[in-house]
Each structure stands twice: as C-alpha cells, then as structure tokens.
Amino acid sequence: MSERDPRPHVVIVGGGFGGLYAARALVERPVRVTLLDRRNHHLFQPLLYQVATAALNPSDIATPLRSILRGASNVTVFLAQVESVDLAGRRLVLDDGEMAYDALVLAAGAGHSYFGHDDWEPLAPSLKTLEDALEIRRRVLVAYEEAERERDGAEQRALLTSVVIGGGPTGVELAGALAEISRETIARDFRLIDPTKARIVLLEGGPRILAAFPDPLPARAATALARIGVEVRTGATVTRVTPDAVWLGGEQIRARTVLWAAGVAAAPLTRTLGVPLDRAGRVLAEPDLSVPGHPEVQVVGDLAQVTAHQPPLPGVAPAAKQMGRHAARNIIAALAGRPTSAFRYRDYGQLATIGRSAAVGAFGRVHIWGWLAWIAWLGAHIYFLIGFRNRMVVLIDWAWAYWTFERSARIVIGRGRRSES
Ligand SMILES: Cc1cc2nc3c(=O)[nH]c(=O)nc-3n(C[C@H](O)[C@H](O)[C@H](O)COP(=O)(O)OP(=O)(O)OC[C@H]3O[C@@H](n4cnc5c(N)ncnc54)[C@H](O)[C@@H]3O)c2cc1C
C-alpha cells in the first residue's frame, strides 16, 4: 500500500470501539485504510475499573491494534495524535505532519467533564485510560498503607474514606469494587487498622443512581450497594473538592481518595471542525452519521450525536460498534455512487455490576438482578472482550478471585509516583 495507490484513501481517527469496527468492516473493500490512534492499543473500557481496583492487569483489557488488524492487508495502523481537521482541505493536522483523505471516520471518543471545575481533576481523577486506572489503584492502596501508620484518629478516618462522585454504571462499579477490596481482599492483611471499617461513599447529584436503567433496578442496585457497606447519597451536589475533602454545600466529607465518574465531554478534536456541537461537545450529525455539509466525513461513537435519532443515542460500546460498521457501509456506498442510509441503533439491553454475585440488567421489558444478572454480566464481558488470550486470562482471573477472595492482579505498590503490578 503506497501513497500512489489509486484506491480511495479512508482515514479513521481512533481505534476504540467505533474506529476499530469501522476498520474491520472496510477489510477487503476497494479502499486503502489508515487507522490513526495516539495509543497503540484498543482498550476495553468497560473493564477499566477492574484494573483500577486490582482485579485485572492492564494487559488483560488492552490489545495492540496492529495485532488485531494483522490480517487486514488494506489497513495500515499509525501511532499519531490528530491535532485538528481541515474539512475544506480534506486533510488532518497531526502532531508530526499532515495526512490527506478522501473519506474520514472520526471516532476519537469522549473524556470526562468536570463541569467547569477543571482544577478538581488532579484531586478527583477520572477513569478513561490505563494510566488513569493505575493511578487510581495507587491512590487507593497508598491510602490504606498510610492509614496503618497514622496515629491521629481523624486523619486515619479520612485516609480510610473513599468518595466516588457520579452514580452511573462506572461510579457504581467503582464503589462496589472498593467495598470488596476493603471487606474481602485486604480485610485481614493489616494489624493496626480494620479495613472492613473503611467508609465508601457514592455521591449522585440526581434523584437516583443508574438513572438510565428502568425501575426497579436503580433501587435494587442501591440496596445491593448498601448491603456491602457503600453509603449511597442521591441529590448530593458536589460544590468543592479539596486535597482532603469533598464539600456538599456546607457539609464536608473528609476523604483522601476521591474519584470522579460524572460528566462526559467529547474529544477536543470536535472543536476544530467548526460545525455545530451539542453541550457535551459532540458533533450534531446527519441521520446517516455524516457531518452537515460534508458527506465524506462520518462521525461515530461517543463524539457523535445524531440529532434526528430518538431516543438520543447512548454513549456505550454497542452504539459505537454499530455506528462504526454503518459508517463503513455508507463510505463504500458513497464511493460507488449509491445513496447512503440513515443509522438506526439496535438496543440489545444494558448491564451494570455492583460486586460479587450482584448486578442489574434491562433487556427491553425483561429486568434481571442479583446472581442471574451477574452471570449475564460476566458472560457478556468475556464474550465481547477482544482476543482469545484476554478472554482466557480474564476467565481464569475471575474464577480465582471468586473462589479465593483474592484479587488476581497482586496488590503491589511503592512509595514512588506510579504503581505497576
Ligand atoms: C470507565 C468506563 C466504563 C465503561 N463501561 C461501559 C460498559 O460497561 N458498557 C458499555 O457499553 N460502555 C461502557 N463504557 C463506554 C464505552 O467504553 C464507550 O461508549 C466506547 O468506548 C465509545 O467508543 P468510541 O470508539 O467512541 O471511543 P473510544 O473507545 O474512547 O476510542 C477513542 C479512541 O480514539 C483515540 N483518540 C482520541 N483522541 C485522539 C486524537 N486526537 N488523535 C488520535 N487518537 C485519538 C483514543 O486513544 C481511543 O483509542 C465505559 C466507558 C468508560 C470510560
């Protein structure tokens, strides 16, 4: 595949769910494809919280894009950061050069929004990358180590308090996993503190957690969290975060571990397009996923919102995958002079786990919870993980953790900045 290759050049920005599934759908099609990502791996974000809480190792949920696309002879992978898109000139500005395209798929995803309080980010890290997960793991474990040596009672309580801000699936999963670590994994490992007395608080600004799930699942999830010792507080709006506390108006919760799982903002790349965006920075796309006025550019996944689609598309992996495949079909149709088609999302349901043997799931009118939902959650995540090796390793790790109550990623940290295990 060379620059003189006469086939139309399709560039995909982002090797997450949307970009990877677009690339796969373009394999053996009459186009040459370049997939650009600033990381060399596809990351299975739904299991990131398990890396953050030492249940899995980073390599269990990350697979090099090159190895996934090894057999795709018309797809080239480049490690590159895309800085901006020149829609009129049909070219991308990269951190180290430029790249022209005939058709473009933008799939750069989304990050977290701190609702105008970017200064909270270092105090309350969010979970998006493997680096975030390892930093969260380090903070949680260092807090226990410091608590063991701390003689001041109030300071020790602050060290043993974790606050998770945001009661969506990620916040619920993080809070549940933190409770499991303290109540089970390290319960008997310390001499001077009792980890089972650690306080884990889940704060949600709205009236209920897991707001995207139908009744009675949010209430069931809250009950399951309470059972494992998580304090769930709804209608709790955070007004300030300081290095050792979270504030709800005049109320202070002293905590040395604060994690952010609220608010989504599309990748900053969307702001370079000069097209209408929604409040979260997502591109307001045409029904066929194209950018208004630019039929050669498709937007997919977390950075896209299809104005005409009702209900609004959720920011989940299945939506990104379906959009990626659809964008690829539309590109092939347009290059062949055929009309493109409108995207329709097929909702197969949603699942969120709370901890050992507890989860909730909604599949149309069928609602499940408890052990059954947990088994469904385990099965779905093993099935959708990319790579046979990852599936096997994760399956063995989970089975080990289930029977021994031990975390599979050994709990290893040092006093330096970062942890690795
Ligand atoms: C912690 C967490 C838990 C989640 N749990 C679930 C779940 O249980 N179920 C579910 O369905 N969904 C879940 N999601 C949501 C799901 O992961 C996303 O909806 C999905 O990843 C969106 O896919 P995407 O392709 O749009 O973006 P992403 O998967 O985020 O991929 C974007 C890619 O673009 C790359 N990129 C970004 N900017 C640039 C740039 N400027 N230049 C080059 N490359 C760039 C990134 O490196 C990344 O590889 C979770 C998300 C998170 C963060």
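Let me start with a definition: buried means under 20% relative accessible area, exposed means over 50%, and partly exposed is what falls in between, with a 1.4 Å probe and protein chains only. What we have here is a predicted model, so local features need pLDDT of at least 70 and side-chain atom pairs count only at pLDDT 80 or more, while totals for chains, interfaces and linings use all residues. Residues are numbered from 1 along each chain as its sequence is written, and side-chain values use heavy atoms, with hydrogens and water left out.

First, the overall picture. The protein chain holds 11 helices and 25 strands; these are DSSP runs numbered from the N terminus, helices being H or I with at least four residues and strands being E with at least two. Along the principal axes, the C-alpha trace spans about 70 × 45 × 40 Å. For 421 residues, a compact globule would have a radius of gyration near 22 Å, and the protein chain agrees, at 22 Å. That radius is taken over C-alpha atoms, and the globule rule is 2.2 Å times the number of residues to the power 0.38. Of the 421 residues, 51% are buried. Among contacts with a separation of 6 or more, 64% come from residues 24 or more positions apart, where contact means heavy atoms within 4.5 Å.

Now to the aromatic rings. How many aromatic pairs does a search of the whole structure find? There are 7 aromatic pairs. Rings of Phe, Tyr and Trp (for Trp, its six-membered ring) pair if their centres lie within 6.5 Å; planes under 30 degrees apart count as stacked, over 60 as edge-to-face, and the rest as tilted. One of the pairs is Y114 with W260, which is stacked, at 4.7 Å centre to centre and 20° between the planes. This pair links distant parts of the chain, 146 residues apart: Y114 is in the loop between strand 10 (110-112) and helix 5 (130-149), and W260 is in strand 17 (residues 257-260). Are these two buried or exposed? Y114 counts as buried because its relative accessibility is 3%, and W260 counts as buried at 3% as well. Ring pairs also bring in F115 and W120, giving a cluster of Y114, F115, W120 and W260.

Rings meet charges here too. The charged end of R24 sits over the ring of Y21, 5.3 Å from its centre, and the charged end of R240 sits over the ring of W247, 4.8 Å from its centre. To count, NZ of Lys or CZ of Arg must be within 6 Å of the ring centre and within 35 degrees of the ring normal.

Next, helix 11. Helix 11 (residues 388-404) has 17 residues and reaches 24 Å from its first C-alpha to its last, close to the 24 Å expected at 1.5 Å a residue; that expectation is 1.5 Å times one less than the number of residues. Which residues of helix 11 are buried? They are N390, V394, D397 and W398. Seen down the axis, the buried residues of helix 11 fall within an arc of 95°, so they line one face of the helix; the arc is that of the directions from the helix axis to the C-beta atoms. F388, I396 and W403 are exposed on the other side. The cover over the buried residues of helix 11 includes helix 2 (48-52), helix 3 (58-61), strand 4 (62-64) and helix 10 (370-384). After helix 11 comes F405, with a positive phi near 65°.

Just after helix 8, G229 has a positive phi of about 95°.

Last, some backbone details to look at. A cis peptide bond joins D215 and P216, with omega about 5°, and P216 lies in the loop between strand 12 (199-203) and helix 8 (217-227). L210 is found in the loop between strand 12 and helix 8; L210 is not a glycine, yet its phi is positive, about 45°. L210 is buried, with a relative accessible area of 1%. E28, in the loop between helix 1 (17-25) and strand 2 (32-37), has a positive phi near 65°, and E28 counts as exposed at 73% relative accessibility.
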